[in-house]
Amino acid sequence: MSKTVFLLLEQEPINQIGLNVLAPLLRTQGFDVHKGTDVSQVQPDTAYLFIETSNEDAWGRLKHHLVNLKVECDIVLFNLDENPELANRALLSGIRGVFYTSDNADVMMKGIRLLQENQLWYRRDVMCNVLNRMLQFNKDSLHKLTEGDIEPVKLTKREKAIVGLMSKGAKNKEIAEQLSISPHTVKTHLYSAFRKTKCRNRIELLSWAQTNIPNELR
């Protein structure tokens, strides 16, 4: 059974990479490829949403798409110009990968295959930058703990269970199914965990959990 991919294009396409290169490559891997310019067109059975990303207010436009997305699927950016900070933000926000306007067909194919294996697709410098941010976050957290008596963060049993499943790569829908709760309830518990730990995203929350509740991640 083929998986569905949706290419979310700009109103004025950046170039024809999405249609002339990326789409055919996806089809060779058994994907059923659809395209459109409005996130509301994304179908419920979509496995991957590839979002064309322009330079003009790229982060703002991306947030607009994600806020209005009603489908649970993996997000990938494509047609990205050299924009390290946007790539960093994308990785920290849980976006699965980034394809650049300068990528050739061989690079794209390698990235598509790794995404199919549930791996991330980012350049090494972006991965290193985000790893350094995580390490700095851990260092800052340790420093705060040594400043004096601080009320320990206490996650509920359900919040710990969700973080534990998230550390194993489970998505919100999969977590909901395993815990017999709704995806909305999963999001509510995650937001509560973010607030308690003062983490800004899933990567920081997992980093916090590795330091503070390692037994819950085994």
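Helices (H or I, at least four residues) and strands (E, at least two) are DSSP runs, numbered from the N terminus. The model shown is predicted, so that local features need pLDDT of at least 70 and side-chain atom pairs count only at pLDDT 80 or more, whereas totals for chains, interfaces and linings use all residues. Residues are numbered from 1 along each chain as its sequence is written, and side-chain values use heavy atoms, with hydrogens and water left out.

**View 1. The loop around Lys171.** Lys171 is located in the loop that lies between helix 6 and helix 7 (172-179). Because its relative accessible area is 30%, Lys171 is partly exposed; the term buried applies under 20% relative accessible area, exposed over 50%, and partly exposed in between (1.4 Å probe, protein chains only). Apart from residues up to four places away in sequence, Lys171 touches Glu72 and Asp74, where contact means heavy atoms within 4.5 Å. From C-alpha to C-alpha, Lys171 and Val186 are 9.9 Å apart in space, with a separation of 15 residues in sequence.

**View 2. The protein chain as a whole, for orientation.** Nine helices and five strands make up the secondary structure of the protein chain. The protein chain has 218 residues, of which 43% count as buried. When contacts between residues at least 6 apart in sequence are considered, 68% of them join residues at least 24 apart.

View 3. Five strands form an open sheet in the order 2-1-3-4-5, with parallel pairing. Strand 2 (31-36) and strand 5 are the edge strands, each pairing on one side only. From one strand to the next, the twist averages 20°; axes are lines fitted to C-alpha atoms, for helices over the stretch in contact, and angles run from 0 to 180 degrees between N-to-C directions. Two strands pair if DSSP finds at least two bridges between them.

**View 4. Bridge partners within the sheet.** Strand 1 and strand 2 run parallel and are joined by six bridges. Phe6 has His34 of strand 2 as its bridge partner. Five bridges connect strand 3 with strand 4 in the parallel sense, and here Leu49 stands opposite Ile75 of strand 4. Strand 4 also pairs with strand 5, in the parallel sense and over three bridges; Leu80 stands opposite Tyr100 of strand 5. Strand 4 is mostly covered, with seven of its seven residues buried.

**View 5. The largest nonpolar core.** A nonpolar core is a set of buried Ala, Val, Leu, Ile, Met, Phe, Trp, Tyr and Cys residues joined through side-chain atoms within 4.5 Å. The largest such core has 26 residues, and Leu49 and Leu69 touch the most other members. At least two residues of this core come from each of strand 1 (3-8), strand 3 (46-52), helix 2 (58-68), strand 4 (74-80), helix 3 (84-92), strand 5 (97-100) and helix 5 (124-145). Helix 3 provides the largest share, five residues. With residues up to four places away in sequence not counted, Leu69 is in contact with Val39, Val42, Leu49 and Ile75. A second, separate core comprises 21 residues, including Val5, Leu7, Leu25 and Phe78.

**View 6. Helix 6 against helix 8.** Helix 6 packs with helix 8 (residues 183-197) at an angle of about 100°, and their axes are 9 Å apart. Helix 6 is therefore roughly perpendicular to helix 8; in these terms, angles under 35 degrees count as roughly parallel, over 145 as roughly antiparallel, 65 to 115 as roughly perpendicular and the rest as oblique. On the helix 6 side, Arg158, Glu159, Ile162 and Met166 meet Val186, His189, Leu190, Ser192, Ala193 and Lys196 of helix 8. The contact of helix 6 with helix 8 has five nonpolar, two polar and three charged residues, with Ala, Val, Leu, Ile, Met, Phe, Trp, Tyr, Cys and Pro counted as nonpolar, Asp, Glu, Lys and Arg as charged, and the others, Gly among them, as polar.

**View 7. Helix 6 against helix 9.** The packing angle between helix 6 (residues 157-167) and helix 9 (residues 202-212) is about 105°, with 10 Å between their axes. Helix 6 is therefore roughly perpendicular to helix 9. Val163, Met166 and Ser167 of helix 6 meet Arg202, Leu205, Leu206 and Ala209 of helix 9. By class, five nonpolar, one polar and one charged residues form the contact of helix 6 with helix 9.
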